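Morning, everyone. Please look at the structure on the screen, and keep the sequence beside it.

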Amino acid sequence: MSIGIGVIGAGVMGADHARIIREEISGAHLAMVADQDVGRAEAAAKGARTTTDPSALVYDHSVGAVLIASPDDTHFGLLKAALAAGKPVLCEKPLATKSEEALEIVRLEKRLGRSLVQTGYMRRFDPSYRAMKTTLAGGELGRARMLHCSHRNASAPPWFVGAMPVTNTLVHEIDICRWLLNDELIAVSAIPTKEKDPALFVFETAGGTVISVEVFMNATYGYHVQAEAVCSNGTVSLAEPTTQRLRINGSEQTSYPQNWIPRFADAYRIQNQKWVAAIANGTVAEGAATSWDGFAATFIAEQVLVALETRQRVEIKLPVA
């Protein structure tokens, strides 16, 4: 039986999710696309039904599961609607723009007694990050003493303003660090450069690992993420994913994409396929980010903003769900 997927939002991410569901996922089909821009919805739908009303999509009988890729400030209301309809939902990060709203989603899901929400931290499904986690969990390297991460964009779009480098970008590093180390972050310090971009964030974990994260929104040369764990007996880092390495005129050149979509194409495909398979089996995708993980990333990001403003070390104390 094929699951009808409804995609809310037909921007860059929503359109790509619609394409993935349509072309690369088994056990599901694109049933409907919702976007306020009719033309954009129709372009993403490629013949599937469209609407300008996301609530109509959520409650439509042809939609068995909902994928939210609309603007950040719409996520909370749409998640509540999907839970009220009893439908599985994959929500692009952030789960909500405020941690209290994200925690409300966690508690709503808990009261339903069903795990319906998956937060779209797709790096958990990236083969290179998965290999790194497997190596760390194997124990041969010993305890991870430090973890160095960098997140560089070629350039930030015009609408990427205010706290978004933290609330929309750093949250990826927050989530992947918690997942890689299977550890909680308990404190953060923030050190911006004179230009504010890039900025360095230093986290401490309950297990004693120190994490450094560089976020550079306007690195100019391309999209580039990296991670290296420094352990008791050695190190492990992500290999540079590239389609080619060019040697010419006494030099060697590696190419980088201009955004995250080519870099994480496999991650998005694997994430969406495992989400669909989990729905069919009535389970939760192994290793997926839950509603709690979505809440944790947003909550920790709020503490990072305090550290940025005060230039003080800020303790992180996650509340009880």
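Helices here are DSSP runs of H or I, at least four residues long, numbered from the N terminus. Keep in mind that this is a predicted model.

Now to helix α10. Tryptophan 292 and phenylalanine 295 are three residues apart in this helix, so about one helical turn separates them. What about their rings? A search of the whole structure finds five aromatic pairs. In one of them, the ring centres of tryptophan 292 and phenylalanine 295 are 5.0 Å apart, and the planes are at 45 degrees, so we call the pair tilted.

Are these two residues buried or partly exposed? Tryptophan 292 has 23% relative accessibility, so it counts as partly exposed. Phenylalanine 295 has 1%, so it is buried.

Next, phenylalanine 295 pairs with phenylalanine 299: centres 5.6 Å apart, planes at 40 degrees, so tilted. Those two sit four residues apart in helix α10, about one turn. Put together, ring pairs link Trp292, Phe295 and Phe299 into a cluster.

Helix α10 covers residues 291-310, and serine 291 lies in it. Serine 291 is buried, at 3% relative accessible area. What does its side chain contact? The side chain of glutamate 109, in a polar contact of 2.5 Å. Serine 291 also touches residues including Leu95, Val117 and Thr119.

Last, charges over rings. Lysine 133 lies over the face of tryptophan 179, 4.9 Å from the ring centre. The charged end of arginine 263 sits over the ring of phenylalanine 264, 4.3 Å from its centre.

Key
Residues numbered from 1 in each chain as written. Predicted model: local features only at pLDDT ≥ 70, side-chain atom pairs only at ≥ 80, totals over all residues. Heavy atoms only, no water. Buried < 20%, exposed > 50% of the residue type's maximum accessible area, 1.4 Å probe, protein only. Polar contact = N/O pair within 3.5 Å; in protein donor to acceptor, adjacent residues only side chain to side chain. Contact = heavy atoms within 4.5 Å. Phe/Tyr/Trp six-rings, centres within 6.5 Å; stacked < 30°, edge-to-face > 60°. Lys NZ or Arg CZ within 6 Å of the ring centre and 35° of its normal. Lists of a residue's contacts leave out its neighbours within four places in sequence.
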